Amino acid sequence: MRLKESVSCRLPLLIRIEMVNFEMAKHACKICKLVISQGNICPSCKSGELTTSFQGTVVVFDPSSELAQKLGIKEPGRYALRVK
Ligand SMILES: [Zn+2]
């Protein structure tokens with residue numbers, strides 16, 4: 001029961017963050033797939049290899065989650081699922 005309550009409380013916040021970030025998202029890092037809203041250098045891996053051609057994004061809040069581990073994500077943030 002406690003888990004269900006915490007999920008339903010967190011959901012509206014996640015959706016709000018998603019909508020705000022969607023407007024700002026312009027580039028994705030080709031190396032670590034982090035979505036970057038401003039600047040020309042990835043703040044995570046310091047790579048300058050950014051692309052505007054990316055599909056689908058996922059917001060990772062908990063890097064220890066199964067999803068984050070499957071995607072190889074170690075830092076919380078917004079990531080592209082596919083980078084061209
Ligand atoms: Zn990067």
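**Note on the predicted chain**

1. Of the chain's 84 residues, 19% count as buried. Buried means that 20 or more other C-beta atoms, placed from the backbone, lie within 10 Å of the residue's own. This is a predicted model: local features need pLDDT of at least 70, side-chain atom pairs count only at pLDDT 80 or more, and totals for chains, interfaces and linings use all residues. Residues are numbered from 1 along each chain as its sequence is written.

2. The chain holds 2 helices and 5 strands. Both are DSSP runs, numbered from the N terminus: helices are H or I with at least four residues, strands are E with at least two. Along the sequence the pattern reads α-β-β-β-β-α-β.

3. An open sheet is formed by 3 strands, in the order 2-1-3, with antiparallel pairing. Strand 2 (35–36) and strand 3 (50–51) are at the edges with a single partner strand each, so one side of each has no neighbour in the sheet. Strands pair if DSSP finds at least two bridges between them. Strand 1 (residues 27–29) pairs with strand 3 over 2 bridges.

4. Look at Cys29. Its bridge partner in strand 3 is Leu50. Beyond neighbours within four places in sequence, Cys29 contacts residues including Leu34, Ile36, Cys42 and Leu50. Contact means C-beta atoms, placed from the backbone, within 7 Å.

5. Cys29 also belongs to the largest nonpolar core, which has 12 residues, among them Phe54, Ile73 and Tyr79. Such a core is a set of buried Ala, Val, Leu, Ile, Met, Phe, Trp, Tyr and Cys residues joined through C-beta atoms within 7 Å. Strand 1, strand 2 and strand 5 (77–83) each give two or more residues to this core.

Terms used:
Contact = placed C-beta atoms within 7 Å.
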